[in-house]
Every structure is written in structure tokens, then in C-alpha cells.
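Thanks for coming. I will take one structure and walk through it piece by piece.

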Amino acid sequence: MNDDRELVSPDAAGDERAIEAALRPKRLDEFIGQARVREQLSLVLQSALARGRPPDHILMSGSPGLGKTTLAMIIAAELGVPLRVTSGPALERAGDLAAILSTLSEGEVLFIDEIHRTSRPAQEMLYLAMEDFRVDIVVGKGPGATAIPLDIAPFTLVGATTRAGLLPAPLRDRFGFVAHMDFYDVAELEQVLHRSARLLSVNLPPDGAHEIARRSRGTPRIANRLLRRVRDYAEVRADGVVSREVAAAALDLYEVDSEGLDRLDRAVLHALLHRFGGGPVGLSTLAVAVGEEPETVEVVAEPFLVRQGLLARTPRGRVATAAAWLHMGLTPPPDAVGASPAVPDGEPVPGTDTAAAGDPEAAAG
Ligand SMILES: Nc1ncnc2c1ncn2[C@@H]1O[C@H](COP(=O)(O)OP(=O)(O)OP(=O)(O)O)[C@@H](O)[C@H]1O
């Protein structure tokens, strides 16, 4: 794990899953941040419990590592029902899904991670299952094929996606509640870190927590990961206390920069500034320049860069903001987004979107 790309990648790998399981909050009131989602969800769950019926199907969208799996587990725990976990890529054939649906118990929560990657036949099976709690098992092939309807137990589908825009409308419309998970602010990440430090018996004073939180890319998974690396450093090179100085020295060593940007983030900005003069440039061209798939650039790097105000999506392509030039140690050109004195602070720049991820397709290609 010496690679900074792995260190700040929002995806979990290998042994990390076990550590994550130990650090997951188990109940809604332990879940930090996402106040609006928590409140909305709490109402959905309470009313379902009061009615004695499973709640509406729930869709969660947001970047990796923001707590979607954790929330799915909490939903099942709060409802006092079992949880079945699968993922879109595992549901390649409709039969894979039928096997799960037909064995669900009454009220069970079915969690489908990366639901946008579910195959078309499985998605079509989901429509009927979500709406009528029924699946049609197709027997035979060609003109002689017959659909045998099979009732299934009422259940709650919890879907998670990093790309809600890719879900077909008929599937999206069948979710009664959509939770949009946003990046966490520094204060919330400090709370996540203090909680994890308690569970892992790490001596973490507030200034150390602040330093790690600042560099965690708005993502609890990354905060927990950086905490473990900084703890190692504190134990080997210092007195075990994760002070601000120790955290900063450790994170500098692991090449996590002052804003938490990782190698891919920096590569994207570097290419945008040095090869395309700050843009605009299309997503595919940018992805080729950094040697990644367009989806990786779009899902992993861009949302955070946009949120940090370093990158803007415009109808003509991706553009580096004045802040991006400065962050990379360069002088922004006078026409850089955010550099123009004609645009007052906080005013949206026409034709750009630096506040939200925006329409992923608008500037693609
Ligand atoms: N709100 C939170 N409070 C405390 N810890 C959190 C919170 N959200 C996430 N975490 C921690 O971050 C880690 C990653 O969370 P989780 O696996 O739920 O993310 P995810 O959005 O499902 O990611 P992916 O989509 O990549 O599976 C877990 O260890 C979890 O304990």
C-alpha cells in the first residue's frame, strides 16, 4: 500500500474489507453526516415499521466509499430483517436474479451494489419483482417458450449506484426513495476519524484528526485508510500520538497532497493544464491522455475535482479553473474559469458546473 493511488482510491481492496466491517456504524444514529439522507430515511423506516409493511424500494447514489453499503446494512438492522447482498455484475443472467428473489424471506432487504451494471434481462425481471412481487420464469425457447409466474415474498430492494444517470427510467421510477449521498465535509470526517480511532485504540488529538480529514477527499473510506497509515508512522517514527505534525509528515511521505488529491486527480489536472492549455477538452481525450478508462476519470476523479472547484464541466468539455492552475503551482490565464473579475464570488459561471457533478453525458467525448 505504498502507492498513493491505492492509498486514496475510494475503492476498497483485499483485507481492507474486514477492517471496514469492524468500523461500520451499525445503527442510523451512529451514522455520521449525510444529515438530510439520515432524516429522510429515518422517516421512511419509522413509517414502514408503524405500518408493519416493508418500506418502498430505496436507491442510493454517490461516489464510492461514501457509505452506501453501510447504510444498506443499517436499513436492514433498523427494520430487524435479514439482508441479502449481491451486485450488478453478479446478475448477468435473469436466472441469477430469479434464484435470489425466489428465496427471499418476508420483508428481507436485498442490496444490489452497482445496480447500473445489472444486465438488461435481469433489470426487466426486477421491474415486475419490485412492483408486483412476482417473477416470470421462462421455460423453453423460441415460439414454444412459456412464462410461469411465481409469487415472491414482499421485500425491499436497496440499490446503490455511482452513476444514477445510467439507470433506465423504468427502473429508476420504481424506487420510492432516492438518497443522494454527497462528499463529507472536514468536520464530519473528523467525527468519523475520532470514532475509528476509538475503535482501533489510536491516540488521535483533534489537530491530527483535522489534518487527516482535510486530506481525505471527502470520503470516510479514505479517512479510515489514511488513519491506519498515519498510525503506523506514529508508532514507528514518533511516540504513537497522531499529532498534526505527525499526520502531515506521514501524509507527505505517502504523497497525499494538501487537498487530498491523488495521482489520478493530479494526472487529470496535469494533462488538462499542460497538454490542453486548461481545456476545454472532451472526456475521452482527457482519459486517453492519463491512460485510464473514461468511466474511471468520470466516476473516480471528476466528482471530487468538481466539488473542490478545480474542474468545470462545460458544454464544450472539461475546463481547469483558476484554482486548479494555482493548486498545480502555475499562474492562471486571465480567461480561466473563476479568474474573471466580471464574475462575482459565488455566482455560477454561465455554461459551467463547478458545484455539482452535472450531466455526465453533456460534455462527454
Ligand atoms: N457516515 C459514516 N460514518 C462512519 N463511517 C462511515 C460512514 N460512511 C462510511 N463509513 C465507513 O467508510 C467505509 C466505506 O463505507 P461503505 O463500504 O459503506 O461505502 P460505499 O459507498 O458502499 O462504497 P462502495 O460503493 O465502494 O462499496 C466503511 O468502513 C464505513 O465504516
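Let me start with a single residue. Pro206 counts as exposed, because Pro206 has 12 C-beta neighbours inside 10 Å, and 12 or fewer is the cut-off for that class. Keep in mind that this is a predicted model. Pro206 belongs to helix α9, which covers residues 206–214.

Now the overall layout. The protein chain is divided into three parts: domain 1 (34–180), domain 2 (186–253) and domain 3 (261–365). Taken over C-alpha atoms, the centres of domain 1 and domain 2 are separated by 36 Å. Four residues from domain 1 and four residues from domain 2 make up the contact between them. On the domain 1 side, the residues that touch domain 2 are one nonpolar and three polar, with no charged ones.

Next, the ligand. Where does the shell around the ligand lie? Domain 1 and domain 2 both give residues to this shell, so it lies between them. There are 22 residues around the ligand, and Glu20, Pro64, Gly67, Thr69 and Thr70 come nearest. Three helices, α2 (16–23), α4 (68–79) and α10 (220–237), each supply at least two residues of the shell. By class, the shell has 10 nonpolar, six polar and six charged residues.

On to the interior. In soluble globular proteins, nonpolar side chains tend to be buried together. Here the largest nonpolar core has 48 residues, and Leu193, Ile212, Ala223, Val230 and Val268 have the most contacts inside it. This core lies between domain 2 and domain 3, because both give residues to it. What does Ile212 touch, leaving aside residues up to four places away in sequence? The list is Leu193, Ala223, Leu226, Leu227, Val230 and Ala247. Another core lies apart from that one, with 39 residues, among them Ala76, Ala122, Met125 and Val135.

Last, a helix pair. Two packed helices are described by the angle between their axes and the distance between the axes. For helix α5 (residues 94–101) and helix α6 (residues 120–132), the axes come within 8 Å and cross at roughly 30 degrees. From α5, the residues in this contact are Ala94, Asp96, Leu97, Ala98 and Leu101, and they meet Pro121, Ala122, Met125, Leu126 and Ala129 in α6. The contact has nine nonpolar residues, no polar ones and one charged.

That is the tour.

How values were computed:
Residues are numbered from 1 along each chain as its sequence is written. This is a predicted model: local features need pLDDT of at least 70, side-chain atom pairs count only at pLDDT 80 or more; totals for chains, interfaces and linings use all residues. A residue is near a molecule or strand if its C-beta atom, placed from the backbone, lies within 6 Å of it. Helices (H or I, at least four residues) and strands (E, at least two) are DSSP runs, numbered from the N terminus. Ala, Val, Leu, Ile, Met, Phe, Trp, Tyr, Cys and Pro count as nonpolar, Asp, Glu, Lys and Arg as charged, and the others, Gly among them, as polar. Domain bounds come from an automatic or database domain assignment. Two residues are in contact if their C-beta atoms, placed from the backbone, lie within 7 Å. Axes are lines fitted to C-alpha atoms, for helices over the stretch in contact, and angles run from 0 to 180 degrees between N-to-C directions. A residue is buried if 20 or more other C-beta atoms lie within 10 Å of its own, exposed if 12 or fewer, and partly exposed in between; C-beta atoms are placed from the backbone. A nonpolar core is a set of buried Ala, Val, Leu, Ile, Met, Phe, Trp, Tyr and Cys residues joined through C-beta atoms within 7 Å.
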